[in-house]
Amino acid sequence: RGMMNWQHILLELMSQSDRVQTSVYFPKDVYEALVRWAEEEDRPISNLVVRIASKAVEEREKKQNPSD
């Protein structure tokens, strides 16, 4: 369930009609760590950040709505 759910979330987030562009300023050390992580997973850094943020949002919503 978890992996399919993530694939679905990522596909939704990446669809043209659902995408929103924003700028994010990272501390240099955090950015460099994200670049290394993205390279290890052979993905763009933006895709990695979307995945990380999506997971954080899902976990937060689960904590706020434990009955779901």
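The following paragraphs go through this structure from its overall build to single residues.

The model is predicted. Its protein chain has three helices and zero strands, and the elements run α-α-α from the N terminus on. Helix α1 covers residues 2–14, while helix α2 spans 28–40 and helix α3 spans 45–64. Of the 68 residues in the protein chain, 13% count as buried. The chain exposes about 6000 Å², and carbon and sulfur atoms supply 54% of that area. Contacts can also be sorted by how far apart the partners lie in sequence. Among the contacts in the protein chain with a separation of 6 or more, 37% are between residues 24 or more positions apart.

Consider next how two of the helices meet. Helices α2 and α3 pack at an angle of about 100 degrees, and their axes are 9 Å apart. Angles of 65 to 115 degrees count as roughly perpendicular, so α2 is roughly perpendicular to α3. On the α2 side, the contact is made by Y31, L34, V35, W37 and A38. On the α3 side, I45, L48, V49, R51 and I52 take part.

A38 sits in helix α2. Its relative accessibility is 4%, and because buried means under 20%, A38 counts as buried. Apart from neighbours within four places in sequence, A38 is in contact with R43, P44, I45 and L48. With L48, the distance can be given between C-alpha atoms: A38 and L48 are ten residues apart along the chain, and their C-alpha atoms are separated by 6.1 Å.

The loop between α2 and α3 comes next. E41 is placed in this loop. At 32% relative accessibility, E41 counts as partly exposed. Leaving out residues up to four places away in sequence, E41 touches L48 and R51. D42 is also in the loop between α2 and α3. With a relative accessible area of 72%, D42 is exposed. The backbone of D42 has a feature to note: its phi is positive, about 50 degrees, although D42 is not a glycine. For comparison, most residues other than glycine have a negative phi.

Charged side chains form a further set of links. How many salt bridges does a search of the whole structure find? The search finds three. In one of them, E41 pairs with R43, and the closest N and O atoms are 2.9 Å apart. R43 has a relative accessible area of 25% and is therefore partly exposed. In another, the side chains of E41 and R51 meet, with 3.0 Å from N to O. R51 lies in helix α3 and E41 lies in the loop between α2 and α3, so this pair ties together parts that are ten residues apart in sequence. R51 is itself partly exposed, at 23% relative accessibility.

The remaining pair to describe is K62 and E58, which form a salt bridge with their closest N and O atoms 3.4 Å apart. Both residues lie in helix α3, four residues apart, or about one turn of the helix. Salt bridges that share partners join E41, R43 and R51 into one network.

V24, F26, V30 and Y31 make a nonpolar surface patch of about 330 Å². V24, one of these residues, is found in the loop between α1 and α2. At 48% relative accessibility, V24 counts as partly exposed.

The picture can be drawn together briefly. E41 belongs to a salt-bridge network with R43 and R51, and D42 has a positive phi.

Conventions
Residues are numbered from 1 along each chain as its sequence is written. This is a predicted model: local features need pLDDT of at least 70, side-chain atom pairs count only at pLDDT 80 or more; totals for chains, interfaces and linings use all residues. Side-chain values use heavy atoms; hydrogens and water are left out. A salt bridge is a side-chain nitrogen of Lys or Arg within 4 Å of a carboxyl oxygen of Asp or Glu. Buried means under 20% relative accessible area, exposed over 50%, partly exposed in between (1.4 Å probe, protein chains only). Patches are made of residues with over 30% relative accessible area and no salt bridge: like charges are joined within 9 Å, nonpolar side chains (Val, Leu, Ile, Met, Phe, Trp, Tyr) within 5 Å. Accessible areas come from the Shrake-Rupley method with a 1.4 Å probe; for residues, only the protein chains shown count as cover. Axes are lines fitted to C-alpha atoms, for helices over the stretch in contact, and angles run from 0 to 180 degrees between N-to-C directions. Angles under 35 degrees count as roughly parallel, over 145 as roughly antiparallel, 65 to 115 as roughly perpendicular and the rest as oblique. Contact means heavy atoms within 4.5 Å.
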